[in-house]
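Hello,

Here is the structure I promised to hand over. My notes follow below it.

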Amino acid sequence: MKWETDLNDKTLGYTIMAATILIMVGYFIWSFAPWLGASFTWLTPYTEWAYRLPILGAAYLMLLIILWIGYTMATTPSPIPLDLESEDEKKEEEEKKEEK
């Protein structure tokens, strides 16, 4: 039934939203641990990584996209020009001429 799939989609959507909010709160605490008080002092040595990891991740994501574009360009065969007939078409035309 369509209703069941809509319910599952909505549940998945709310789950994704809740997980994102939790990650946002955790990232905020991780980033500002030195200024949030004694309960988060154990995170203070790792706060620098809160800034390094997203930058590193973004750089690698861009590089992976460029790598994928290069791979696709290298492995895709060149298209046949539209103004030139293929050899098969030339052979077919010659055969038709010979039949006439």
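Rings of Phe, Tyr and Trp (its six-membered ring) pair if their centres lie within 6.5 Å; planes under 30 degrees apart count as stacked, over 60 as edge-to-face and the rest as tilted. By ring pairs, Phe28, Phe32 and Trp35 are linked into a cluster.

Two notes on the source. This is a predicted model, where local features need pLDDT of at least 70, side-chain atom pairs count only at pLDDT 80 or more, and totals for chains, interfaces and linings use all residues. Residues are numbered from 1 along each chain as its sequence is written, and side-chain values use heavy atoms, without hydrogens and water.

Aromatic pairs first. The structure has three of them. One is Phe28 with Phe32, a tilted pair at 4.9 Å centre to centre and 45° between the planes. Phe32 also pairs with Trp35: the centres are 6.2 Å apart and the planes at 55°, so this pair is tilted.

Next, exposure (buried is under 20% relative accessible area, exposed over 50%, partly exposed in between, with a 1.4 Å probe and protein chains only). Phe28 is partly exposed at 46%. Phe32 is partly exposed at 34%. Trp35 is exposed at 66%.

Then helix α3, residues 87–99, which holds Glu94. Helices here are DSSP runs (H or I, at least four residues), numbered from the N terminus. Glu94 is partly exposed, at 48% relative accessible area.

Best wishes

Terms used. Helices (H or I, at least four residues) and strands (E, at least two) are DSSP runs, numbered from the N terminus.
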